[in-house]
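Trainee: Could we go through this model together? I would like to begin with its charged side chains.

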Amino acid sequence: MADNKHGEEQLCTLEKRGNLFILTLTGAGEHRLNPNLLSSLRSALSRLKSDPSASSSTLITTAHGKFFSNGYDLDWAQSSEPRLQLMSSALRSLVRDLICLPMPTIAAVTGHASAAGMMLALSHDYVVMRRDRGFLYMSEMDIGLVIPNWFMALLRAKIGDPRARREAVMRAAKLTAEDGVRMGVVDSAQDGAEAAVAAAAELGEALVARKWDGHVYAGNRRVVLREVLEAIGSDETVKKVAEDKARSKLYLGLLLRPVSGVLVKLFGPLGRSAASYSTFH
């Protein structure tokens with residue numbers, strides 16, 4: 001199986017290699033999680049589930065370039081609450097799809113995975129990561145955002161040590177592959193992107209060899225991650241993010257008003273045009 005859509009930007013590919021499905025975020029960009037990319041990923045998982053061999057396979061998710069995913073596409077969302085809600089809802093639906101997928105899942109993290117991108121990686125059963133490039137990074141403290149409850153539910157499920165969670169969340173530590181192994185969030189550290197994907201494939205084949213029933217596997221995963229499934233029903237931070245961004249824009253406009261007055265006094269109509277630009281852009 002391969003995903004090749006002509007006439008459209010290809011955001012991800014799904015390829016079947018024996019007992020493995022390889023889902024790849026394509027291109028050299030940051031793989032920001034906007035509705036287009038999230039919809040493409042969900043569509044790929046839907047096609048995967050329709051394959052007759054799905055319940056006796058393993059999924060490996062990886063990415064091209066220096067980023068696994070650099071998180072939400074906040075530039076696209078801007079301060080629009082509907083856009084933020086759409087983006088959050090799409091990611092939560094993708095995470096639910098991964099939790100309910102009838103097969104083991106492995107994230108082969110070959111570059112940076114930040115904030116929502118780290119959540120995408122941790123939504124898999126296993127994480128294999130290259131040691132020579134890339135961080136797992138919960139950036140919210142550094143960029144002034146409050147972490148959603150469902151992020152924390154997933155982090156609690158994946159990082160058992162409270163001190164390690166504090167390091168990841170409250171200190172916004174940039175975790176290397178070795179840090180991740182030490183914390184128990186990364187299963188193995190590999191020398192390079194190809195090695196990481198190869199190690200993920202080896203692990204995937206070992207899991208397939210157990211001949212588990214994929215639907216039973218998914219049922220047990222849903223039990224293990226029950227608190228996460230309950231938490232992803234909503235995202236209480238969306239409205240606050242929109243309000244904070246709107247407030248920042250208003251504050252900037254107020255700061256620029258004195259400047260606007262000076263421009264008008266000094267330059268007349270030309271200054272009025274410049275003042276209008278400085279206030280609203």
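This is a predicted model: local features need pLDDT of at least 70, side-chain atom pairs count only at pLDDT 80 or more; totals for chains, interfaces and linings use all residues.

Trainee: Is Arg131 buried, exposed or partly exposed? And what about Glu178?

Mentor: Arg131 is partly exposed, with a relative accessible area of 35%. Glu178 also counts as partly exposed, at 37% relative accessibility.

Trainee: How many salt bridges does the structure hold?

Mentor: The structure holds 13 salt bridges. One of them joins the side chains of Glu15 and Arg17, at 3.3 Å from N to O. Glu15 is partly exposed, its relative accessible area being 34%, and Arg17 is partly exposed at 43%.

Trainee: What distance separates N and O in the salt bridge of Arg163 and Asp161?

Mentor: The side chains of Arg163 and Asp161 meet at 3.4 Å, N to O. Arg163 counts as exposed, at 58% relative accessibility, while Asp161 counts as partly exposed at 29%.

Trainee: Which residues do salt bridges with shared partners join into one network?

Mentor: That network consists of Arg131, Glu178 and Asp191, joined by salt bridges that share partners.

Trainee: Changing topic, where is Asp97 found, and is Asp97 buried or exposed?

Mentor: Asp97 is found in helix α3 (residues 81-100). Asp97 counts as buried because its relative accessibility is 15%, and the cut-off for buried is under 20%.

Trainee: Which side chain makes a polar contact with the side chain of Asp97?

Mentor: The side chain of Arg42 does, at 2.6 Å. Leaving aside residues up to four places away in sequence, Asp97 touches Arg42 and Leu45.

Trainee: Now to Arg32. Where is Arg32 found?

Mentor: Arg32 is found in the loop between β2 (20-25) and α1 (35-50). Arg32 is partly exposed, with a relative accessible area of 31%.

Trainee: Which backbone oxygens does the side chain of Arg32 reach?

Mentor: The side chain of Arg32 reaches the backbone oxygen of Asn70 at 2.9 Å, and that of Tyr72 at 2.9 Å.

Trainee: Which residues does Arg32 touch, not counting residues up to four places away in sequence?

Mentor: On that count, Arg32 touches Leu37, Asn70, Gly71, Tyr72 and Asp73. As for Phe68, its C-alpha atom is separated from that of Arg32 by 9.2 Å, and the two residues are 36 residues apart along the chain.

Trainee: Turning to the whole chain, how many helices and strands are there, and what percentage of residues count as buried?

Mentor: The protein chain has 12 helices and 10 strands. Of its 281 residues, 48% count as buried.

Trainee: And what about the contacts and the exposed area?

Mentor: Among contacts between residues at least 6 apart in sequence, 71% join residues at least 24 apart. The protein chain exposes about 14,100 Å², of which carbon and sulfur atoms supply 53%.

Definitions and conventions. Residues are numbered from 1 along each chain as its sequence is written. Side-chain values use heavy atoms; hydrogens and water are left out. A salt bridge is a side-chain nitrogen of Lys or Arg within 4 Å of a carboxyl oxygen of Asp or Glu. Buried means under 20% relative accessible area, exposed over 50%, partly exposed in between (1.4 Å probe, protein chains only). Helices (H or I, at least four residues) and strands (E, at least two) are DSSP runs, numbered from the N terminus. A polar contact is a pair of N or O atoms within 3.5 Å; within protein, one must be able to donate a hydrogen and the other to accept it, and residues adjacent in sequence count only if both atoms are side-chain atoms. Contact means heavy atoms within 4.5 Å. Accessible areas come from the Shrake-Rupley method with a 1.4 Å probe; for residues, only the protein chains shown count as cover.
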